[in-house]
Amino acid sequence: DIVSASWSKDPKAASLLAVACQDGSVRIYSKQGDESRLLGEPLIHSSKGSIAEHLSWHPSMYLLAIGWSDGSISFWNGETCCVENDLKTMKAKISCFGWTGSDGSSSKRSESHRFSSSSSSAPMLFAGDLKGNISIYRSDSHY
């Protein structure tokens, strides 16, 4: 069963589809429907046995943010095919998740808030949990 899916957004690169499955895996597909690498094996798993419930591609990089059911967040780098970080930062189940655009505006249509950074206009990932906690990650500081 599919839990969530998201298309990559970088207009200068080939489109990829990330699909989170009920078995806890995240699979990556090309626009032609070919599964990426590993001959049909799931590309990404949670090290903690969680289910990926939120997927969001960086607006201009092959960087997929994954929000897991236990509140942890992973970043999959599509250029290296490796998980770069696996952070347990949320105190409860993640309820909202997404990247801002390069101008600080939210890339989620349902969000009307604007986030800004005085030092950078690079896209940021925002995540909120069911207890009202919010975390923001700058993409230019770690990736």
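**Cores, sheet and salt bridge in a predicted model**

Leaving aside its neighbours within four places in sequence, I66 is in contact (heavy atoms within 4.5 Å) with V26, I44, A52, H54, L55, S72, I73, S74, W76 and F97. The structure is a predicted model, in which local features need pLDDT of at least 70 and side-chain atom pairs count only at pLDDT 80 or more, while totals for chains, interfaces and linings use all residues. Residues are numbered from 1 along each chain as its sequence is written, and side-chain values use heavy atoms, with hydrogens and water left out.

I66 is among the residues with the most contacts inside the largest nonpolar core, together with V26, I28, I44, W57, L64 and W76, and this core has 16 residues. A nonpolar core is here a set of buried Ala, Val, Leu, Ile, Met, Phe, Trp, Tyr and Cys residues joined through side-chain atoms within 4.5 Å, where buried means under 20% relative accessible area, exposed over 50%, and partly exposed in between (1.4 Å probe, protein chains only). Two or more residues are given to this core by each of strand 2 (16–21), strand 3 (25–30), strand 5 (52–57) and strand 6 (63–68); strands (E, at least two residues) and helices (H or I, at least four) are DSSP runs, numbered from the N terminus. Apart from this core lies another, of eleven residues, among them L63, I73, M90 and F97. Of these, I73 is found in strand 7 (residues 72–77) and counts as buried, at 0% relative accessibility. The C-alpha atoms of I73 and T89 are separated by 7.4 Å, although the two residues stand 16 residues apart along the chain.

S8 lies in the loop between strand 1 (2–7) and strand 2, and at 12% relative accessibility S8 counts as buried. Leaving aside neighbours within four places in sequence, S8 is in contact with A14, S15, L16, W57 and Y62.

An open sheet of three strands has the order 9-10-11, with antiparallel pairing, two strands being counted as paired if DSSP finds at least two bridges between them. Strand 9 (94–99) and strand 11 (134–138) stand at the edges, each with a single partner strand, so one side of each is left without a neighbour in the sheet. Strand 10 (residues 124–129) and strand 11 pair in the antiparallel sense over five bridges; in strand 11, Y137 is the bridge partner of L125, and I134 that of G128. These two strands form a hairpin with four residues between them, and G132 in the turn has a positive phi of about 90°.

One salt bridge is counted, defined as a side-chain nitrogen of Lys or Arg within 4 Å of a carboxyl oxygen of Asp or Glu. The side chains of E53 and K93 meet in this salt bridge (3.4 Å, N to O), which links distant parts of the chain, with E53 in strand 5 and K93 in the loop between strand 8 and strand 9, 40 residues apart. Both residues are partly exposed, E53 at 22% relative accessibility and K93 with a relative accessible area of 40%.

The mean pLDDT of the chain (the predictor's confidence in each residue, from 0 to 100) is 77, and 75% of its residues reach 70 or more. Over residues 102–119 the pLDDT is below 50, and beyond near neighbours in sequence this stretch has 31 contacts in the model.
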